[in-house]
Amino acid sequence: MISKTLYRALMLLIAVIFPLSLVCAEKVPAGDRRFTWVGRASYGVNNEVTFDWTATYCRIRFKGDTLRMRVTDTKRNYYNVYIDRAQDAQPTLVLTTQGDSVYEFVMHRCNHVHNVVLQKRTEAEQGRNTFYWFETDGHFLQAEPYRMRQIEFIGDSYTCGYGIENCDSTDHFTPETENVCKSFVSLVAHKLKADYTVIAHSGMGVCRNYNSKYPGWTMPKRYNCWFDMDSTIRYYGNSEWRPVTVIMLGGNDFSCGVTPNYEKFRDAYFSILNQLDDSMVVVCCSKTKDTELSRYVERVVLECDHPNAYFFAADFDAYTNHRQYLGADKHPNEKAHRLLAEQLYGFLKIFF
């Protein structure tokens, strides 16, 4: 039987410990300034964070044993989750978001400071996400802010990593095999130790989309939108975001054996360049050398008014014609993206 003195001592100890555990637990909106969101993320009235562009990511730093979050998804998306490891490493796990759910991660190293990165690997047509809050049994710390080196990639399915994790070129696309985190854009950004955003959508072209689908809704109009799948909300920029911009477009304009009119292509390309800051570097790329597309893009750079525009042509067809370099729907797989990344990195590093 416990004596009265011992009982009172135990109650006093519980009274001290229990309030402390409540003080250490934190539940804060996803838009809290201690989290670093990289990408076109919109902050709502309750400081929730909404976005749909591919590759958008969040850096979270905290001390504790668990991390919980509430997320809604209009369809279904896949996220790479990096726990205490770099973004160029194998992700700790792949998270599937669907509906309105609460997700929890349990840390292996208890009561330590942890760094977590959540990155959307699927493109916008797979759905829009809203992150409402993050919660930990410990407390949140300031995550790494924007890096000094910043890159923005504007592109199409190649940029999105469409079918990249599939090794059979006869297979058709599924969202599970799309992973922008393995595409050339991510590889280049990691080599440059830069933060990056991706404004890309499969099938998009400069003046003509793949097989002439969605006429009038090409990348020049889509670029200026806060959400990829919503043309009504205009993006007004971010004063902290001053990137080198890489444009990798044009393949869809020439799809299905069609050669677009040069003047029409040029004027549409100009409309993209006119939306970019004249003081920042813009690299206009062609995935292939010695092609009509390459000649079009090179002429655009020569004729445009942007004072910091440059032309780069990769030697991509040399290996994407081989099955060993192809993923779903004959799109480049990981091996091909690594080769493209090496070429683009060799050109871009002079600007950093």
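Figure 1. On a 1 Å grid over the protein atoms alone, a cavity is a set of points where a 1.4 Å probe fits but cannot get out, and a lining residue has an atom within 4 Å of a point. Grid points are joined across faces, edges and corners, and a volume is the space filled by probe spheres set on the points. Rolling a probe the size of a water molecule over the atoms shows where empty space is left. The structure shown is a predicted model, in which local features need pLDDT of at least 70 and side-chain atom pairs count only at pLDDT 80 or more, while totals for chains, interfaces and linings use all residues. Residues are numbered from 1 along each chain as its sequence is written, and side-chain values use heavy atoms, with hydrogens and water left out. One cavity of 30 Å³ or more is present in the structure. The volume of the largest cavity is about 40 Å³. Its lining consists of V38, G39, R40, W53, T54, A55, T56, Y196, T197, V198 and I199. Strand β12 contributes the largest share of this lining, four residues; helices (H or I, at least four residues) and strands (E, at least two) are DSSP runs, numbered from the N terminus. By class, six residues of the lining are nonpolar, four are polar and one is charged. In this classification Ala, Val, Leu, Ile, Met, Phe, Trp, Tyr, Cys and Pro count as nonpolar, Asp, Glu, Lys and Arg as charged, and the others, Gly among them, as polar.

**Figure 2. The largest pocket.** A pocket is an open set of grid points with protein on both sides within 12 Å along at least five of seven lines. The largest pocket has a volume of about 940 Å³. Its lining comprises 33 residues, of which S157, Y158, Y210, N252 and H331 are the closest to the centre. Two or more lining residues come from each of the elements α2 (157–160) and α7 (317–320). The lining divides into 13 nonpolar, twelve polar and eight charged residues.

**Figure 3. The second largest pocket.** For the second largest pocket, the volume is about 500 Å³. Among its 25 lining residues, W37, Y43, Y146, N238 and E240 are the closest to the centre. At least two residues of the lining are supplied by each of β2 (36–38), β3 (42–43) and β12 (195–200). The largest share, three residues, belongs to β2. Twelve of the lining residues are nonpolar, eight are polar and five are charged.

Figure 4. Strand β6 (residues 66–83) is largely enclosed by the rest of the structure, because 13 of its 18 residues are buried. Buried here means under 20% relative accessible area, with exposed over 50% and partly exposed in between (1.4 Å probe, protein chains only). Two strands pair if DSSP finds at least two bridges between them. Strand β7 (residues 93–106) runs antiparallel to β6 and is joined to it by 14 bridges; within this pairing, R70 lies opposite V102 of β7. Strand β9 (residues 129–136) is also antiparallel to β6, with seven bridges, and L67 is found opposite T136 of β9. A further antiparallel pairing, of five bridges, links β6 to strand β8 (residues 112–120). There, Y79 has K120 of β8 as its bridge partner.

**Figure 5. Strand β16 between two parallel neighbours.** Five of the five residues of strand β16 (residues 282–286) are buried. Burial extends to both faces, with V282, C284 and S286 on one side and V283 and C285 on the other. Four bridges pair β16 with strand β15 (residues 244–248) in the parallel sense, and T245 has V282 of β16 as its bridge partner. Together with helix α5 (residues 262–273), β15 and β16 form a right-handed β-α-β unit. A crossover is right-handed if, with the strands pointing away from the viewer, the path from the first strand over the helix to the second runs clockwise. Strand β17 (residues 309–313) is parallel to β16 as well, through five bridges; A313 of β17 is the bridge partner of S286. A right-handed β-α-β unit is also made by β16, helix α6 (residues 292–303) and β17.

**Figure 6. The largest nonpolar core.** A nonpolar core is a set of buried Ala, Val, Leu, Ile, Met, Phe, Trp, Tyr and Cys residues joined through side-chain atoms within 4.5 Å. The largest such core has 36 residues, and those touching the most other members are I151, F153, F184, V188, Y196, V246 and L344. Elements that each supply at least two residues include β11 (150–155), α3 (184–191), β15 and β16. Helix α8 provides the largest share of this core, five residues.
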